[in-house]
Amino acid sequence: MKKIKIISLLLFLILLFGCITVSKKDLNDIGGFFRSSDLGDTWERKNILYTAGTNLSTFSKSNINKIVFDYNDDSTIYLASSNDGILYSYNNGNGWFNTMNKKGSVNDLVVDPYNKCVVYAAIHSTIYKTNDCSRNWDSVYFETGDNQFITSLNINYNNNNIIYAGTSDGNLLKSIDNGNSWNVIKRFGDNIKKILVQNINDKDIIYISTQSEGIYKSYNNDTEWSNLMDLPVKIVEFSSDESYNFGEVKNSKISLDLELDKSVEDGLIYANKIGIFRLLDGVKWVQLKLLTAPSKEKIHEVMVIDNNGAEII
């Protein structure tokens, strides 16, 4: 099978902006979705929308917030956009359908691992759910606070009745009945950027990434939490072998992205304002060496290739 790398142009430009020139005219038409079939050497735009009639329609001006894959079908792709609702494809991006347009910014989206037609979406201040492959959507939760938004979603793969949601004011919500009812189980007091359920070696482990207070971990199915910023860290720009408390290092708590490192039992790849860090077996952070100097480049997103912890994008 040919290996395909997929990326939204928003991220692609962020990563390469120092190497390319874009005119003001081009900036009006550089959004949407790009795909590579040769490990990133060349890219092709895949922005064709399936619509009624003969008129050609695209989403080349869309700002993509997140790309989500179906756990059981890697040809199915969902795009969460800030201005065009949800875009989804069943053929690796060759053609796209559009739904939930004009509802607000789609901040996150998650597909049920045991039923591909069940999808949850965090749109503005509401959680929506579809049971019929995006034909119909129902509101299952609404955030009533002023200027409060649903920022993140995830599912416990060991029990797909359990859904987690994070809010912009730091509340962690949990549903144990497929999204029919919700309860606040933890108040972090800071915007929850990402929820990770380990779903590999220990499905009771949950990680929370906050905007400016770092990373939290639950060891026992969300009942008790520890702050992973209290662990020691090795900083590459410091010449000695001495370890420091990670949370005491300037800008270490400002989270940019967080991903699971499946090459170890309890591992993370964490991008912050300083650089990229790896959590080793849940006990120590180590900064990864980059081509650029520490704190000189802003990392917007990280990805670990399959179970190989040596390959990180």
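## A salt-bridge network

E44 is partly exposed, at 34% relative accessibility. Its side chain meets that of R35 in a salt bridge, 3.4 Å from N to O. R35 is buried, with a relative accessible area of 10%. This is a predicted model.

## Salt bridges across the chain

The count of salt bridges comes to nine. One of them joins E259 and K194, at 2.6 Å from N to O. E259 counts as partly exposed at 22% relative accessibility. K194 is buried, with a relative accessible area of 14%. Elsewhere, salt bridges with shared partners join R35, E44 and K46 into one network.

D222 and K174 form another salt bridge, with their closest N and O atoms 2.8 Å apart. Here too, distant parts of the chain are linked. D222 is in the loop between β20 (215-218) and β21 (225-227), while K174 is in strand β16 (residues 171-175). The two are 48 residues apart. D222 is buried, with a relative accessible area of 8%. K174 also counts as buried, at 15%.

## One disulfide

How many disulfides are there? The count comes to one. It joins C117 to C133, with an S to S distance of 1.8 Å. The link is left-handed, with -65° about the S-S bond. C117 lies in the loop between β10 (106-111) and β11 (119-123). C133 lies in the loop between β12 (126-130) and β13 (138-142), 16 residues from C117. C133 counts as buried, at 13% relative accessibility.

## A four-stranded sheet

Four strands make an open sheet in the order β10-β11-β12-β13, with antiparallel pairing. Neighbouring strands are turned by 20° against each other on average, direction ignored.

β11 and β12 pair over five bridges. In β12, K129 is the bridge partner of Y120.

## A buried threonine

T76 lies in strand β7 (residues 73-81). Is T76 buried or exposed? T76 counts as buried, at 0% relative accessibility. Leaving aside neighbours within four places in sequence, its contacts include V68, F69, S89 and K116. The side chains of T76 and K116 are joined by a polar contact of 3.5 Å. The C-alpha atoms of T76 and S89 are 5.5 Å apart, although 13 residues separate them along the chain.

Note on methods
Residues are numbered from 1 along each chain as its sequence is written. This is a predicted model: local features need pLDDT of at least 70, side-chain atom pairs count only at pLDDT 80 or more; totals for chains, interfaces and linings use all residues. Side-chain values use heavy atoms; hydrogens and water are left out. A disulfide is a pair of cysteine sulfur atoms within 2.5 Å. Buried means under 20% relative accessible area, exposed over 50%, partly exposed in between (1.4 Å probe, protein chains only). Two strands pair if DSSP finds at least two bridges between them. Axes are lines fitted to C-alpha atoms, for helices over the stretch in contact, and angles run from 0 to 180 degrees between N-to-C directions. Contact means heavy atoms within 4.5 Å. A polar contact is a pair of N or O atoms within 3.5 Å; within protein, one must be able to donate a hydrogen and the other to accept it, and residues adjacent in sequence count only if both atoms are side-chain atoms. A salt bridge is a side-chain nitrogen of Lys or Arg within 4 Å of a carboxyl oxygen of Asp or Glu.
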